[in-house]
Amino acid sequence: MDNEELELARQKLDLGESSTYRLYSLYCKGLVSEEVIKDDTMLVGGSGLSLCDSNNNSKLETSKALRNRRVLLAHPEAAELAAIIQGLSWALERGVESIQFFCDDSIILDYITREAAPPPNESVVATLLKKVALLRKKFTSFQALAVQRTDINSSVIKLARDAIASQTRWREGDTEYETCPACYAHVSPSHKLEVRSGCFHRICFTCIRDCFSSQLARGDTLLCPYSGCEKELVLEDCRGIADDDALNLIIHRKKEKSIPVLDRVYCPKPSCNFLMSERDLLPLGSSIDPRQKSVARTCVECGLCFCKECHVPWHYKKTCDEFKKSHSYLTSDAALFDSLVKTEGWMKCSQCATVVQKTVGCQRIKCRHCNHKFCYVCGAAVIRKKMSCNCSPQD
């Protein structure tokens, strides 16, 4: 680094004559990933570094490649230590003299603070720790502090992934390529989407769209298609690959999952169908028969007064039993649907009222919606794999 670059960096971090008395924070993350480059699989490492003052101002970030083969092949702690060495060296180059270093790995923190020693067979880790010890002596003040893994700055994880991605590209003529880790196709970096939910895997648009469509159709949680990754796609990941209807469905399903199955209530008005929690529903006014107050509710979205038991607009001056015998109910969509359920031989879950259809197997069935197990003939609960009714378990 020349003097001009060093001075620009010092200015960005506001390192002046008083920097000796200022405390700076350093966050590091070292990652090693098995990547496919063209048709070869190899280990690639990268580090993300973030440096800022004690008030989290004047932040300076960078990413660096980890190319030491011994580090890449060693225990994962080696990559983290290599990133720490890069971060401490980087801070010293920028004139930082007082630093607090945040670590989300309790084992590495114990090594650095000398509360524990690495195993004798971890020679690479031991060598790296010696380098950390030499660097810490160059600071007038050095603190190694613990931080929760969930609190580690996500930007340093992304920077480490960026450092890895930069090493997986190659050029053919004027065109740059990367290998998609899901389908192994060679694609332009601009034709890949970076998952923003924390893993930062880079997947080609074709794989993301195919994965998105199939998972959405099955009602599954939308996950990153990288093999073995359990990170859920966030809404920002989906905006470029889904239309408005699909995005609304995603939002609806996320809301559904946040509400316990037995607390879910839907507005019976077809043009509304708003999902609410039982606890969010507004009770009707004092004019309601006290016997009916437990089922009389108001939709918080459209204001419709309805019966949560009958799933129809509110039946004034009638109890639920009286209303279900009336012409109004017998010609309602709810009654017609109940008739269809009986005609087709389907069954409503006795816990959440979701309609289920058995195709094969015995009469013990599990509701896909709420996981309640019950008898497909009479609806009685199945307790500890045993039917609580006298129905035959055989089809």
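Please keep in mind that the model is predicted. The largest nonpolar core has 36 residues, and another core, of 23 residues, lies apart from it. The disulfide count comes to zero.

**The largest nonpolar core**

- Leu81, Ile84, Leu88, Ile99, Phe101 and Ile112 are the members of this core that touch the most other members.
- Helix H3, which covers residues 76-93, gives the most to this core, with ten residues.
- Beyond its neighbours within four places in sequence, isoleucine 112 is in contact with Leu81, Ile84, Phe101, Leu129, Val132, Arg136, Phe142 and Ala144.
- As general background, nonpolar side chains in soluble globular proteins tend to be buried together.

**Helix H5**

- Helix H5 takes in residues 123-136. Its end C-alpha atoms are 20 Å apart, which agrees with the 20 Å that 14 residues should span at 1.5 Å a residue.
- The buried residues of H5 are Val124, Val125, Leu128, Leu129, Val132, Ala133 and Leu135.
- Where does the cover for the buried residues of H5 come from? It includes helix H2 (69-73), H3 and helix H4 (106-112).

- Among the residues of the 23-residue core are Cys207, Phe212, Tyr226 and Ile250.
- Helix H7 (residues 205-218) has 14 residues, and the distance from its first C-alpha to its last is 20 Å, close to the 20 Å expected at 1.5 Å a residue.
- Buried in H7 are Cys207, Ile208, Cys211, Phe212, Gln215 and Leu216. Viewed down the axis of H7, these buried residues fall within an arc of 145°, so they line one face of the helix.
- A handy reminder here is that an α-helix has 3.6 residues a turn, so residues three or four places apart point the same way.
- Asp210 and Ala217 are exposed, and they sit on the face of H7 turned away from its buried side.
- Strand S9 (192-194), strand S10 (202-204), helix H8 (235-238) and helix H9 (244-258) are included in what covers the buried residues of H7.
- Just after H7 comes glycine 219, with a positive phi of about 80°.

- Glutamate 194 lies in strand S9. Is this glutamate 194 buried or exposed? Its relative accessible area is 17%, so glutamate 194 counts as buried, the cut-off being under 20%.
- The side chains of glutamate 194 and lysine 158 are joined by a polar contact of 3.2 Å.
- Leaving out residues up to four places away in sequence, glutamate 194 touches Lys158, Asp162, Phe200, His201, Arg202 and Asp237.
- Serine 188 is found in the loop between strand S8 (186-187) and S9. With a relative accessible area of 19%, serine 188 is buried.
- A 2.9 Å polar contact links the side chains of serine 188 and serine 190. Not counting residues up to four places away in sequence, serine 188 touches Glu176 and Tyr177.

**Cysteines**

- With a disulfide requiring sulfur atoms within 2.5 Å, the count comes to zero disulfides.
- For cysteine 267, the nearest cysteine sulfur is that of cysteine 302, 3.7 Å away, and cysteine 267 is in no disulfide. Cysteine 267 counts as buried, at 2% relative accessibility.
- Cysteine 362 is also in no disulfide, and the nearest cysteine sulfur, from cysteine 375, is 9.3 Å away. At 26% relative accessibility, cysteine 362 counts as partly exposed.

Key: Residues are numbered from 1 along each chain as its sequence is written. This is a predicted model: local features need pLDDT of at least 70, side-chain atom pairs count only at pLDDT 80 or more; totals for chains, interfaces and linings use all residues. Side-chain values use heavy atoms; hydrogens and water are left out. A nonpolar core is a set of buried Ala, Val, Leu, Ile, Met, Phe, Trp, Tyr and Cys residues joined through side-chain atoms within 4.5 Å. Buried means under 20% relative accessible area, exposed over 50%, partly exposed in between (1.4 Å probe, protein chains only). Helices (H or I, at least four residues) and strands (E, at least two) are DSSP runs, numbered from the N terminus. Contact means heavy atoms within 4.5 Å. The expected span of a helix is 1.5 Å times one less than its number of residues. The arc is that of the directions from the helix axis to the C-beta atoms. A polar contact is a pair of N or O atoms within 3.5 Å; within protein, one must be able to donate a hydrogen and the other to accept it, and residues adjacent in sequence count only if both atoms are side-chain atoms.
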